[in-house]
Structure formats: structure tokens, C-alpha cells
Amino acid sequence: MSSAKPSLSAWFIRHPVSTALLTLAVVLLGVAAFPLLPVASLPEAEYPTIRVDGRLPGASPETMASSVAAPLESELSAVPGVTEMTSTSTMGSTSITLQF
């Protein structure tokens, strides 16, 4: 007789019915647990964005929108791949965000 330690696979080979039942149990547990997995309707994704800030100290929000933001938006709309552009003008500054 050999004094070698029996391997785990040898037990499964010697007990085919137990192996089949264990495999069936694992499969059934997987099938039962599958509907419980969390699935997001829309996966979280970070879209590439660029933010452009413009400053004109002392200018009103209306002046910032017409004199700074409008020309910048006109030029930035020509950038290929832009899917969304938003801008905000406040006292002395404007911020334009481009999303690709």
C-alpha cells in the first residue's frame, strides 16, 4: 500500500453519486440566486467632459452671457463629438461644460 495522502479528486472519483448530487445542488443554488443579483437599468459611466471658464470682472450676468458665453459657445459647438453643452453666467464669470 502506498502511504500517499489521498487527493480531493480521488474522493469525487470514488463517489460518483455524491459528486452528481453536489453538482446539482450547486447549480440549483446558482439558479435560485441569479434573480437576486443587483442589476442597474443604466450602468454608471463617466462621460468625458471639458469645462471652459471665462472671466470679465465687474460684468453683469447678461453681459457675460451675450459678450463672453455666446461667442465661446459658437466656437465650441464646432468641436467634433460634442453631445451636450451647458453654460452658466454669473457676475463677472461664465462657465461652459462640454460633454462628449
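Helices (H or I, at least four residues) and strands (E, at least two) are DSSP runs, numbered from the N terminus. The model is a predicted one, in which local features need pLDDT of at least 70 and side-chain atom pairs count only at pLDDT 80 or more, while totals for chains, interfaces and linings use all residues. Residues are numbered from 1 along each chain as its sequence is written, and side-chain values use heavy atoms, with hydrogens and water left out.

**Exercise 1.** Find the helix that holds leucine 28, and decide whether leucine 28 is buried or exposed.

Solution. Begin with the location: leucine 28 belongs to helix 2, which covers residues 16-33. Next take the cut-offs, by which buried means under 20% relative accessible area, exposed over 50%, and partly exposed in between (1.4 Å probe, protein chains only). Leucine 28 counts as exposed because its relative accessibility is 53%.

**Exercise 2.** Work out the order of the strands in the open sheet, and which strands lie at its edges.

Solution. Two strands count as paired if DSSP finds at least two bridges between them. Strand 1 and strand 3 run antiparallel and are joined by seven bridges, and strand 2 also pairs with strand 3 (residues 93-99) in the antiparallel sense, over seven bridges. The three strands therefore form an open antiparallel sheet in the order 1-3-2. Its edge strands are strand 1 (49-55) and strand 2, each of which pairs on one side only. As for strand 3, five of its seven residues are buried, so this strand is largely enclosed by the rest of the structure.

**Exercise 3.** Name the residues of strand 3 that stand opposite threonine 49, glutamate 84 and threonine 86.

Solution. Threonine 49 stands opposite glutamine 99, and glutamine 99 is likewise the bridge partner of glutamate 84. For threonine 86, the bridge partner in strand 3 is threonine 97.
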